[in-house]
Each structure stands twice: as structure tokens, then as C-alpha cells.
Amino acid sequence: MASTIYRLITIVSLLSLLHCAYSAAQHRFYLRLTEQPFVNLPADVVAQTVISLIALIYGTSFLANPFLYIKQDQHPERTCDEALNCPSFITFDNRTKAMSPEFSMLRALKQQQRSQENVSRGTHSGRVSEAVAPSETVDSHE
Amino acid sequence: MKHQVETQALPYSTIILHCLKYPAKGVVGLLIGAKKGDKVTVTGCVPLCHESTPLAPPLELATSLVHAKFGASLVGVYFSNAMPSDNSLNTYATRLADRISSVTSSPSILIQVMNERLMSDCDQDRLVAYEKDGDNWKETKTIFQGSNFLRGLQAVIQKKLYRELADFENHLDNPDSDFYNTSLSNKLVQVAEFRA
Amino acid sequence: METDWTQISYDDARQTLKKWRECGVRRSEEVVEIWEHVVSRSPSSLGDELWVVLEQVCIAGLDTARVDLAQDCIDQLHVQFPKSNRVLKLKAMQLEATEHYQKAQEIYERLVEEDPNNNSFRKRKVAILLAQGKRLEAIRAINEYLKIFLNDPEAWLQLSELFLLENDVAKAAHCLEECVLISPLNSMYLRRLGDLRYTQGGAENVELARAYYERAVKINPTDLRSQYGILLSNNLIATTSKNASEKKKAGVAAVEAIDNLVNRYQKISTKKNPESDGILNCLEAMKTTIGSK
């Protein structure tokens with residue numbers, strides 16, 4: 001019901017604007033016939049133009065989609081995984097690695113290293129237990 | 001009181017699938033089950049978040065929704081840490097478990113997924129259960145399903161069914177996702193021939 | 001149902017990889033699948049895009065413990081760009097993945113010296129600390145980094161995550177405030193900040209949380225989490241506030257939020273989500289509880 005009124009206003013104001021354009025053209029034609037210089041459009045044509053323009057804007061603003069804020073989120077469909085991910089800080093120590101057979105050998109070596117450290121800590125107090133041998137084996141494994 | 005915790009095949013595999021869907025992140029979820037004497041049987045689970053530090057709003061929301069649906073069957077929390085070598089208890093998970101204890105007015109249990117045991121040839125129980133002893137969480141006995149179940153679990157993982165799992169955070173991003181995973185549960189029972 | 005990435009068309013695969021590259025989403029297993037089953041059949045059709053795709057696949061390979069695939073990508077990139085620092089960074093990332101942290105550290109320090117304005121090498125140095133579990137040192141390192149590169153929202157986000165792991169919600173919230181300053185129209189940051197303030201608790205923080213949620217809904221009306229956030233914060237204010245008019249206003253706002261949520265859930269078919277009715281019932285029940293207060 002409401003939208004028919006606005007539709008009516010829009011159509012009427014459009015027709016009125018067309019009418020103003022036609023009147024202005026007619027006025028110039030008349031002036032050319034009577035050999036008068038063109039200075040101003042008659043006041044009634046100007047008034048009709050302004051009023052129908054305002055009415056047109058008013059009508060279309062109700063017919064068009066609802067107003068949106070100018071400042072909107074540019075990516076509304078983004079999920080939390082996308083928005084809160086920090087790809088430059090990615091680390092690779094995750095479950096896939098824990099489950100992969102290649103890395104299980106690495107882990108077994110580390111456990112060996114840890115148990116060696118515990119043994120050496122138990123028997124001697126001052127020995128530095130830097131496990132150089134296991135890491136060399138890992139290098140050659142690649 | 002020393003509880004024994006038995007996790008049935010369906011929630012067990014759902015928990016593992018949740019861990020595998022997000023291999024680089026910590027996961028947290030709720031446990032549904034029944035308590036009888038000193039035995040707690042976990043019959044279902046609701047995956048919640050895939051971060052090690054879930055914040056209060058989604059946790060409160062999910063807890064109220066799940067509590068409204070399951071009532072006193074809400075028995076505890078499961079979690080897994082992001083780094084496989086980290087076996088510590090996630091403070092956010094323990095806080096959630098304490099909150100569940102107060103909401104259901106009965107002690108809740110905590111289950112941790114041991115990432116280093118997720119390998120297909122590992123025959124240990126991947127889940128470790130804890131119960132509250134005073135102010136601390138002490139490890140308690142779990143009843144393991146056995147190798148038949150592990151075979152079924154492997155079949156499920158091979159089919160990459162973890163891609164169809166939806167947790168509560170997925171639901172908040174897209175409300176079409178069902179975070180109770182009803183259709184996935186049916187598939188799991190089919191593929192792995194679990195006795196539900 | 002979920003897409004079978006091994007069966008999609010070449011163009012779809014290319015578009016998907018591009019989308020994931022631009023969003024920065026972490027779907028490494030799927031990237032490897034798409035590469036191995038679809039794109040690698042005809043890599044030359046990618047043209048110049050091949051090199052960025054190789055970089056993407058390399059990182060995805062390292063993330064899924066496929067060191068062989070990563071090595072392959074690095075070899076191809078090395079042949080094309082023999083003196084590139086970007087390829088050297090990938091080699092260092094491979095060393096990180098195989099736990100040779102000391103060697104990776106040396107490469108990054110050399111890269112930082114050569115190109116001090118490139119922030120990615122500094123971030124990788126922090127990543128080494130994170131991989132070794134040295135959270136406090138990582139926090140210190142990111143703070144040092146942020147003194148130089150103040151406008152990096154990713155670093156502020158990472159710092160916020162680290163503070164949360166250390167159970168310091170207040171500092172995590174401060175980091176996220178910096179993110180919001182940098183991108184004020186990012187509704188996810190606002191919503192996350194609202195979550196953090198709500199988690200902190202206390203009357204002031206919950207009111208702040210409510211303000212953040214309302215702003216998030218304003219700039220992104222489809223955000224479900226912010227709607228829920230408005231509901232939760234208004235509910236909490238209505239229950240704990242001592243001021244009667246504030247209580248009433250909060251109650252009304254909470255009921256309005258529930259109405260919006262109910263509208264949203266009613267549009268979901270039960271075929272897609274069989275539990276949506278259950279959630280609707282729950283929301284209606286909440287409405288009656290709040291309305292009766």
C-alpha cells in the first residue's frame with residue numbers, strides 16, 4: 001500500500017520533470033521566434049523543476065533498498081578462522097607431524113637423547129650433555 | 001572417589017576427528033554421558049572450539065544450549081593441546097569443567113587427548129581421564145575399547161570424515177552447520193560398524 | 001556435503017588456491033590434495049602464477065609433514081630464482097619443520113641484516129621461539145618487533161593469543177584494541193575484543209563488551225556471534241545491575257537480540273540442521289526468563 005504511493009509520486013515527478021524540459025525548450029523556441037535574448041527561464045518552470053526533483057528523490061529513496069551505513073565491513077562473510085589466523089607466524093609442530101612415520105624416528109632419537117641426559121645428570125654433575133651424534137645422524141637421514 | 005571412565009566408540013571417534021580436523025590448533029568440547037556408582041560412561045560429545053584459549057561467550061552459550069538439551073547428562077570436558085609435546089592441562093578446559101560441576105551440581109570429568117599416541121600403529125589409549133581431587137585434577141583409570149575399535153577408527157580417518165565435522169564455532173560462522181553432528185554420527189556408525 | 005578436492009576442475013582448483021592465498025586461511029591438507037591431484041598435472045598452464053602457488057604448496061607441505069613435497073617445490077623455485085631471499089626463507093622454514101632451529105635462526109638473522117625493512121624474516125624468528133614453546137621470549141620478541149612495525153595487526157593478534165595462553169586477558173584485550181585502531185571496520189576484531197572484555201568480567205568491562213558488540217553488528221548485520229554477544233552482555237547487565245532503569249533497558253535490548261536471533265534461525269531448514277528447532281526452543285525459553293525479570 002505504502003509503496004504504491006511512493007511509486008505514484010516517483011512516476012508523477014518524472015513526468016513533471018519531462019514536462020519542465022519540454023516547457024523550457026518551448027520557451028526558448030518562443031524567444032527565438034520573437035527575437036528576444038535568452039536570459040532566464042520563467043519562474044514557474046524553475047519552481048516546477050525544483051519541486052518535481054525533490055519529489056523524485058523522496059519517492060525513489062523509499063522504493064530503493066534500505067539505507068546502508070557508509071562504513072561497512074568489507075568482508076562480512078569471513079569466518080573466524082580466516083580473520084584471526086596469523087600466517088606469518090605459522091609453526092609446523094602439530095598433530096600431523098606427530099602422526100607421521102618420518103618424524104617418529106626423530107622423536108625416538110630425541111627421547112633417547114633425553115634419557116641419556118637424565119642418566120648423565122644422575123651419575124655426573126658437571127658434564128655437558130650436548131647430543132651432537134644424534135643430530136648428525138638426522139642430517140644424514142635427509 | 002576414584003572413578004573409572006569408559007568412552008564409547010562413537011564419542012571417542014568424534015573426539016579424535018575433531019582433533020584431526022584442526023591438526024594445528026587446540027580443541028575443546030563437552031562430554032555427554034551417564035554416571036553409575038564409580039563408573040562414568042561417555043556416550044556422546046559436542047565439539048565446541050578449535051582454539052586452546054576459548055573465551056567466555058561461546059563457552060557460556062554452548063554450555064547453556066547443551067545443558068538445556070541434555071540436562072544432567074553433561075558429564076565433563078575434553079580437550080587437546082595444540083603442541084604434541086605439551087601434556088599440561090589446559091586451564092581454560094579445567095575452568096570449564098569446574099563451571100559444569102557447579103551447573104550440574106555433581107563432579108565432572110576431564111579428558112585429554114594425547115597427541116603423541118595418535119599414530120595409527122600406537123595401541124595405547126589415546127584418551128587420558130582426570131577427576132577433581134580437592135583443588136587438583138588427578139589422573140583416573142580409563143577403560144580402553146581395544147584393537148577392533150582402533151581398526152574402525154582407522155577406517156574413519158582414511159575416509160577423511162573429519163571434514164564433515166562441525167563444532168560450535170563453525171555453527172556460529174554458519175548456523176546451517178549442526179554442531180551436534182547427528183548425520184556424521186550415523187555415518188560413523190555405518191563406516192566403522194561401531195555398536196552405538 | 002564436503003567437496004572432494006581431488007575431483008574438481010582445473011579452473012576451480014586455481015580459483016580456490018587463489019582465494020585461500022588471499023584470505024590467509026590455513027587449509028594445508030586440502031592445498032596439498034588439490035596440488036597433487038589437479039594442478040600439478042599441468043603446472044605450466046598457471047603461467048606466472050606457478051611460483052606463488054609453489055610457495056603456497058611448499059608451506060602447506062611443511063604444515064602437513066610432507067617434507068618431500070616441500071623439497072620438490074623449493075628445488076623448482078631455486079632453479080627459477082637462484083638468488084632469491086624469499087626462496088631462502090622457505091629453505092629456512094623447511095629447517096624449522098625438521099627441528100633444526102639453530103640453522104634456521106642463523107639464516108633469518110642473515111636475511112634481517114641484508115633486508116631490515118622486510119618484516120617477514122623478523123616474524124619467522126619469533127615463530128622459531130613459538131615452535132620451541134618459549135612463550136615469554138616470544139612475547140618479548142614481538143614487543144621489540146612492534147616498536148619498529150607499529151601498524152602490523154597480525155603481530156598484535158599473535159601477541160594477544162600469547163597473552164591469552166599466559167592467562168592475561170587484560171593485556172590480550174589491549175593488543176586487540178591496537179588491531180581495532182588499525183582496522184576499525186573489521187567486525188571480527190571488534191567482536192573478539194567484545195569477547196575478551198566479557199571474559200574479563202566486571203560491570204565496566206561487560207558494558208564495554210556490549211558497546212563493541214553493538215558496533216560490530218552495525219558494520220556487519222549478518223554476524224551471528226555479535227548478536228549472541230549483545231544477548232549475553234545485556235542479560236548479564238540485567239541480572240547484576242543495581243540501577244533499575246539500566247536493568248530494564250538491558251532486559252529490553254536482550255529480548256530484541258533474541259528476536260533477531262529467532263528470525264535468523266527460523267530461516268534455517270531442518271534438513272540442513274536438524275537441531276535448529278531445539279535451539280529455537282532454547283531461545284524462546286531464554287526470552288521468557290528474561291522477560292519475567
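Reply: Gladly. Helices (H or I, at least four residues) and strands (E, at least two) are DSSP runs, numbered from the N terminus. This is a predicted model, where local features need pLDDT of at least 70, side-chain atom pairs count only at pLDDT 80 or more, and totals for chains, interfaces and linings use all residues. Residues are numbered from 1 along each chain as its sequence is written, while chains are lettered from A and ligands numbered from 1 in the order in which they are written.

Me: What pattern does chain B follow along the sequence?

Reply: Chain B reads β-α-β-β-α-β-α-β-β-β-α-α-α, with six helices and seven strands.

Me: Why is chain B called as compact as a globular protein of that length?

Reply: The globule rule is 2.2 Å times the number of residues to the power 0.38, and the radius of gyration is taken over C-alpha atoms. For 196 residues the rule gives 16 Å, and chain B has 15 Å, which is close, so the label applies. The C-alpha trace of chain B spans about 40 × 35 × 30 Å along its principal axes.

Me: What percentage of the residues of chain B count as buried?

Reply: A residue is buried if 20 or more other C-beta atoms, placed from the backbone, lie within 10 Å of its own. By that test, 51% of the 196 residues of chain B are buried.

Conventions. A residue is buried if 20 or more other C-beta atoms lie within 10 Å of its own, exposed if 12 or fewer, and partly exposed in between; C-beta atoms are placed from the backbone.
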